[in-house]
Every structure is written in C-alpha cells, then in structure tokens.
Amino acid sequence: MKSSFITFLLLLVLSLFPVSPVEAKSFCRLLSDRTICILSIKRSAKNYWEYRAAVSVNGAARPIEVYNCRDRLRVRQDGKVVQFEPERVGEVICNLMQR
C-alpha cells in the first residue's frame, strides 16, 4: 500500500516537469565527421516509403524535404530531385524508419 502510494506520487511529480519539443522530437546520429539530427519527420499517408523531414547537419538547419526511401531520392524545396549520397541524411532517415 505504502509503496504504491510512493510510486503514484513519484509519477505525479515527474509528469509536472516540462520537456521542450526539441528534446522530445530530436534524434541525432554521428556519421563520419557529421552530426545529423532529425528535427521533425512525417510519413506520407499515400506513399508509405516517403517521408517529409526537417534535419540539421552539424547544427545547420535544412528546410523540410521529401525523402523517397524506395528509390533513394530526395526532393528539395525547389523541386530538384537528388539521389541519396552514401552515409548522408537520406540513409539515416530510411534506416531509422525501417525499424
């Protein structure tokens, strides 16, 4: 009885500490000489192999781009389609979401 009350009280206190959105959503990976962080990511409802993601590379934020994991292509904001480069952002996103 006493331990369940303490557990409840502890959970209540911990739930009161705010967590910033960046800490809650950010996922970082160190590859070669780059730190790649996924700031936000959303899977396409129509094409399950596509993700819209905002990332930062070595602290420099990039705009939201579409990552096509099936064809290994990235669609930039200006509409230009670029192939994934080895050990870069596209590979990190697709490998993470494949799990």
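**Exercise 1.** Find the strand that holds Ser56, and decide whether Ser56 is buried or exposed.

*Solution.* Start with the location: Ser56 sits in strand E3. Keep in mind that this is a predicted model. Next, look at the relative accessible area, which is 7% for Ser56. Buried means under 20%, so Ser56 counts as buried. Finally, check who is around: skipping neighbours within four places in sequence, Ser56 touches Thr35, Ile36, Cys37, Leu39, Ala61 and Arg62.

**Exercise 2.** List the buried residues of helix H3 and some of what covers them.

*Solution.* Helix H3 runs over residues 89-98, and its buried residues are Val89, Gly90, Val92, Ile93 and Cys94. Now see what lies over those residues: the cover includes strands E1 (27-31), E2 (34-43), E3 (50-57) and E5 (65-68).

**Exercise 3.** Work out how many aromatic pairs the structure holds, and describe each.

*Solution.* There are two aromatic pairs. Tyr67 and Phe84 make a tilted pair, with 6.2 Å between centres and 50° between planes. Tyr67 belongs to strand E5 and Phe84 to the loop between strand E7 (81-83) and H3, so this pair ties together parts 17 residues apart in sequence. Tyr67 is buried at 0%, and Phe84 is buried at 13%.

**Exercise 4.** Say which residue lies over the face of Trp49.

*Solution.* That's Arg70, at 4.0 Å from the ring centre.

Terms used: Residues are numbered from 1 along each chain as its sequence is written. This is a predicted model: local features need pLDDT of at least 70, side-chain atom pairs count only at pLDDT 80 or more; totals for chains, interfaces and linings use all residues. Side-chain values use heavy atoms; hydrogens and water are left out. Buried means under 20% relative accessible area, exposed over 50%, partly exposed in between (1.4 Å probe, protein chains only). Helices (H or I, at least four residues) and strands (E, at least two) are DSSP runs, numbered from the N terminus. Contact means heavy atoms within 4.5 Å. Rings of Phe, Tyr and Trp (its six-membered ring) pair if their centres lie within 6.5 Å; planes under 30 degrees apart count as stacked, over 60 as edge-to-face and the rest as tilted. A charge sits over a ring if NZ of Lys or CZ of Arg is within 6 Å of the ring centre and within 35 degrees of the ring normal.
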